[in-house]
Amino acid sequence: MATVRDRGWSYFDAIVAAAPLQHANPWVHDGGRAAYRPDYATLERLLGVPVLLKATSQSGVPALALDVWVSYEFRRAGFDADRVWPRASTPRVLPPEIKDFVEKLPKKDRAALWSRISRGVGGMGSANLLGKNYVKQVDVVMSSWATGPELMVSTKRMDSSFGKNAANRVEESYGDAKNLRLRHPEAALGFFYSLSAIALETEAVTAEWLIDLLIKLGREDDAYDAVALVLPDLKKSEEPADPEPQDEAGPIDAGAVDASEAAVVDGTAEKVDIADVLPVSLYSEAVPDELDPGRFFTVMVNRILDNSPINFHAGARARRRAPLT
């Protein structure tokens with residue numbers, strides 16, 4: 001029987017596959033410069049999936065909506081779809097060298113091996129990266145065996161318990177940035193935060209303090225290259241029923257497989273109707289320019305391309321060179 005998480009993935013995959021702008025160049029002219037224009041309509045539709053499924057924070061589905069969109073945007077930017085994790089199909093995390101190897105096998109061997117990989121043998125459900133001092137699970141990654149991580153984005157979502165968990169989330173982000181940056185100094189390192197717009201009314205002081213900290217977090221030379229904020233305009237009835245979950249304590253094994261992600265339901269994926277999903281609008285008026293998602297993707301893509309050889313990421317370079325009018 002499919003879990004809420006399985007159903008969430010079915011809806012996410014269907015929404016991304018049907019996104020009208022998935023192949024459109026996200027770069028536009030802005031005052032003589034190329035600027036990145038995100039596909040906010042797809043994000044709003046993805047944010048509606050946890051509401052439809054009544055998925056709690058503990059299910060992981062609300063947080064996945066953000067991960068799926070951020071990875072979708074980097075694929076829109078022109079980066080290799082198989083290098084950006086989570087991938088648009090299972091396994092969600094798979095080194096591209098493994099895919100290339102399997103695709104070169106005889107057809108009969110290829111099918112058998114893909115079947116084993118799809119069941120979690122050789123594929124991982126989460127990207128666990130070694131930082132300077134400890135292994136960290138990173139939500140959105142672009143990597144290969146040849147290059148190592150070129151992109152690392154941590155996402156956080158807070159839909160409730162604002163005063164209780166805000167400080168903890170910011171403190172964690174500072175430590176994670178330092179840990180990852182010191183081992184991977186040339187990678188593009190970002191932090192993407194989702195805060196329910198309800199907080200602007202119910203806990204205005206906490207929300208203002210948190211937004212100010214996010215701005216400062218993006219100014220540190222040895223931390224994140226860019227920080228972004230989105231404010232889903234959730235109604236009270238759409239808040240998750242459970243409190244904000246706390247991460248499990250203890251070290252992460254770099255080779256650990258996340259069984260909740262690695263497992264794949266036998267047979268075809270569940271058929272879903274994305275027309276059932278009601279988009280969750282974004283309250284953009286309160287997002288400062290320094291935390292604008294468009295600025296975030298502009299900075300992150302530019303850093304990846306500036307820190308790699310000219311013959312790397314040809315698709316992304318071509319799209320950046322030809323912004324829409």
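This is a predicted model: local features need pLDDT of at least 70, side-chain atom pairs count only at pLDDT 80 or more; totals for chains, interfaces and linings use all residues.
1. Helix H1 spans residues 4-18 and helix H3 spans residues 61-76; the two pack with their axes 10 Å apart and at an angle of about 30°. Angles under 35 degrees count as roughly parallel, and H1 and H3 are therefore roughly parallel to each other. The crossing of H1 with H3 is right-handed.

2. Residues between H1 and H3. On the H1 side the contact is made by Val4, Arg5, Gly8, Trp9, Phe12 and Val16, and on the H3 side by Val61, Leu64, Ala65, Val68 and Tyr72. By class, this contact has 9 nonpolar, 1 polar and 1 charged residues.

3. Glu73. This residue also belongs to helix H3. Glu73 counts as buried because its relative accessibility is 0%, where the cut-off for buried is under 20%. Apart from neighbours within four places in sequence, Glu73 is in contact with Tyr36, Pro38, Asp39 and Phe297.

4. The pair H10 and H11. Helix H10 covers residues 293-306 and helix H11 covers residues 314-321. Their axes lie 11 Å apart, and the packing angle is about 125°. That angle makes H10 oblique to H11. H10 and H11 cross in a left-handed sense.

5. Residues between H10 and H11. Asn302, Leu305 and Asp306 of H10 meet Ala316, Arg317 and Arg320 of H11. The residues of this contact divide into 2 nonpolar, 1 polar and 3 charged.

Technical notes: Residues are numbered from 1 along each chain as its sequence is written. Side-chain values use heavy atoms; hydrogens and water are left out. Axes are lines fitted to C-alpha atoms, for helices over the stretch in contact, and angles run from 0 to 180 degrees between N-to-C directions. Helices (H or I, at least four residues) and strands (E, at least two) are DSSP runs, numbered from the N terminus. Angles under 35 degrees count as roughly parallel, over 145 as roughly antiparallel, 65 to 115 as roughly perpendicular and the rest as oblique. A crossing is left-handed if the near helix is turned anticlockwise from the far one by less than a right angle, and right-handed if clockwise. Contact means heavy atoms within 4.5 Å. Ala, Val, Leu, Ile, Met, Phe, Trp, Tyr, Cys and Pro count as nonpolar, Asp, Glu, Lys and Arg as charged, and the others, Gly among them, as polar. Buried means under 20% relative accessible area, exposed over 50%, partly exposed in between (1.4 Å probe, protein chains only).
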